[in-house]
Amino acid sequence: MSQEPVFNLTEALTRVESDEDLFQTLAELFIEQAPLDMAATQAALDAGDAKALARAAHRMKGAILQFAAPRLFEFTKELESLGNAGTMDRAAATCAAVDQELQKLIEALRAYVSTRPAA
Amino acid sequence: MEPATASHKPAAPTAPAVATVLLVDDEPVSRLSMAARLKRMGLRVLEAKDGKEGLAILRRERPDLTILDWVMPEMDGPTVCEQVRQDPDILSSQIILMTSHDQPEQIAEGLARGADDFLSKAASKQEVLARVQSGLRAASLVRSIESTRDELRAKQEELESELKSAGAYIQSLLPVAGDVGPGIHMAWTYRPSLALGGDLFNVSHWDDHSIYFYMLDASGHGVSPALRAASFATFLRAENLRHCITDNDPAAMLREANRRYPLTEDGSYFTVWIGSYDRTTHQVRYATAGHGGALIQRKDGSIEWLTSVQLPLGFEMNTPYDTTTIQIEDGDRMVLMSDGIYEAPAVTGELWGTTRLTATLTAHRATPIAAALPTLMAEAERWHGSPVFPDDAALLGLEFRI
């Protein structure tokens with residue numbers, strides 16, 4: 001079963017005008033930051049706090065935008081909408097999808113960073 | 001001595017050639033990405049991690065442009081905009097609000113709350129560049145307008161203070177009220193229409209038994225007539241007049257002044273009324289150049305205008321100003337006045353007029369002259385409906401005891 005790559009490196013590099021050093025820094029920052037944001041998102045979901053869920057998803061979405069990761073971006077966007085609409089019953093499944101995709105992106109970015117000379 | 005080289009020149013202004021942009025975003029990855037884009041445009045970038053910190057940096061650093069994320073903890077973008085617009089020190093700051101969703105209703109809300117422009121987080125490099133440049137252009141226009149405004153304010157203050165000191169000088173030329181000699185009591189009241197009046201008056205001693213007094217009006221309003229009036233008043237000082245004429249004949253003074261103060265190129269001229277009083281003969285001699293504002297109020301209350309139809313000064317070289325003589329009795333009063341008094345208009349446009357003026361004088365014949373003149377001024381003011389007359393309003397009164 002072949003699947004689209006989790007993020008499009010060429011497109012992501014275009015966004016930073018092919019500045020690979022910058023992209024590496026962004027990736028490292030994301031690898032560090034994203035699990036914290038994901039934890040906050042999960043905590044909001046567990047607490048049933050729709051507003052906090054929307055806020056946390058929104059914040060993640062801004063970061064994900066930098067990496068041209070369309071599936072993850074769409075899931076996160078959906079999660080934000082669910083939070084805004086207060087439809088928490090459907091949020092759990094979407095949140096799980098976000099988490100799963102996010103882990104893939106983090107893995108992919110780790111792999112990218114490992115190919116780069118040490119910063 | 002060594003010639004001064006660079007030291008006499010003012011130091012080059014330290015204004016940075018590089019524009020400064022403040023970027024406020026709580027999310028570190030997108031903030032780093034946008035900051036890198038802005039730096040690549042050659043901009044100096046300041047960063048803040050939330051609205052509160054952003055507002056503090058904005059106040060401290062006065063960036064040329066501020067790019068604000070919409071959704072932030074502590075204080076969101078639109079709230080920062082509102083705070084900026086309420087603070088007179090920073091209200092002209094240029095602000096771009098960043099959105100991840102540019103729905104029209106959000107744009108309307110952002111504009112209403114004080115944003116200048118919008119930028120989608122997903123915007124292309126070209127769009128970011130275009131919006132930033134447009135924001136910087138607006139910021140530089142605002143700065144140049146503000147600096148012009150500040151210069152104008154400073155100039156205005158300087159002019160006002162100069163006008164004030166010129167006004168104080170003109171005031172210093174006015175006489176001191178009270179007894180000007182045995183049996184001659186003098187009072188005056190003056191209300192210039194601007195900071196500087198073009199009407200002046202004075203009472204001077206010619207010799208130990210005679211005085212002369214005048215009311216002059218320089219045509220026009222403002223600084224130039226006031227200066228011309230001051231110059232004419234200086235000419236009319238006794239120590240100067242004695243060099244020009246041998247007798248304190250008012251007509252001789254006018255003929256001399258007529259030669260010295262020709263009509264100016266822009267059509268400025270003087271009207272003046274001059275009288276002299278001799279304590280030994282109890283006679284007043286007077287002459288006028290286009291000025292109609294003097295009267296005598298006898299002890300019995302009868303009023304007589306002291307006018308003669310003659311051209312203002314400077315119109316014709318050989319105007320034959322001549323002198324009229326009247327006899328003064330004990331208790332007679334003379335009032336010299338600017339036309340600004342009886343020409344004070346009511347809201348309807350109707351002038352106060354000499355009839356109402358003389359009626360007021362008659363009603364207050366028993367009032368001491370020092371109080372009668374302010375009463376006359378107050379009546380004119382009541383007619384006019386405002387304490388500021390369109391023209392200078394001066395009153396000079398003399399009361400004779402024999």
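**View 1. A salt bridge between Glu17(A) and Arg40(B) in the predicted model.** The side chains of Glu17(A) and Arg40(B) meet in a salt bridge, with a distance of 3.4 Å from N to O, in what is a predicted model. Between chain A and chain B the count is four salt bridges, while over all chains the count by this rule comes to 40. Because Glu17(A) lies in the loop between helix 1 (9-15) and helix 2 of chain A, and Arg40(B) lies in helix 1 (residues 28-40) of chain B, the pair joins two chains.

**View 2. The contact between chain A and chain B.** In this interface, 21 residues of chain A are in contact with 16 residues of chain B, and the area buried between the two chains is about 1,700 Å², of which carbon and sulfur atoms give 61%. On the side of chain A, the residues that lose the most area to chain B are Arg15(A), Glu17(A) and His58(A), which together account for 32% of what that side buries. Glu17(A) is also the residue whose side chain meets that of Arg40(B) in a salt bridge.

**View 3. Polar contacts and the make-up of the side of chain A that touches chain B.** Across the interface of chain A and chain B, six residue pairs are found in polar contact, both residues being at pLDDT 80 or more. Helix 2 (20-47) and helix 3 (50-64) of chain A each supply at least two residues of the side of chain A that touches chain B, and the largest share of that side, seven residues, comes from helix 2 of chain A. Sorted by class, the side of chain A that touches chain B has eight nonpolar, five polar and eight charged residues.

**View 4. An open antiparallel sheet in chain B.** Five strands of chain B form an open sheet in the order 8-9-10-11-14, and their pairing is antiparallel. Strand 8 (199-207) and strand 14 (324-327) of chain B are the edge strands, each of which pairs on one side only. With direction ignored, neighbouring strands of this sheet are turned by 20 degrees against each other on average.

**View 5. Strand 11, strand 14 and helix 8 of chain B.** Strand 11 (residues 283-289) and strand 14 of chain B run antiparallel and are joined by four bridges; in strand 14 of chain B, Ile326(B) is the bridge partner of Val284(B). Helix 8 (residues 250-260) of chain B packs on the sheet, where it touches strand 8, strand 9 (210-218), strand 10 (270-278) and strand 11 of chain B. The direction of helix 8 makes about 25 degrees with that of strand 11 of chain B.

Technical notes
Residues are numbered from 1 along each chain as its sequence is written. Chains are lettered from A and ligands numbered from 1 in the order in which they are written. This is a predicted model: local features need pLDDT of at least 70, side-chain atom pairs count only at pLDDT 80 or more; totals for chains, interfaces and linings use all residues. Side-chain values use heavy atoms; hydrogens and water are left out. Two strands pair if DSSP finds at least two bridges between them. Axes are lines fitted to C-alpha atoms, for helices over the stretch in contact, and angles run from 0 to 180 degrees between N-to-C directions. Contact means heavy atoms within 4.5 Å. Buried area is the accessible area (1.4 Å probe) that two parts lose on being put together, summed over both. A polar contact is a pair of N or O atoms within 3.5 Å; within protein, one must be able to donate a hydrogen and the other to accept it, and residues adjacent in sequence count only if both atoms are side-chain atoms. Ala, Val, Leu, Ile, Met, Phe, Trp, Tyr, Cys and Pro count as nonpolar, Asp, Glu, Lys and Arg as charged, and the others, Gly among them, as polar.
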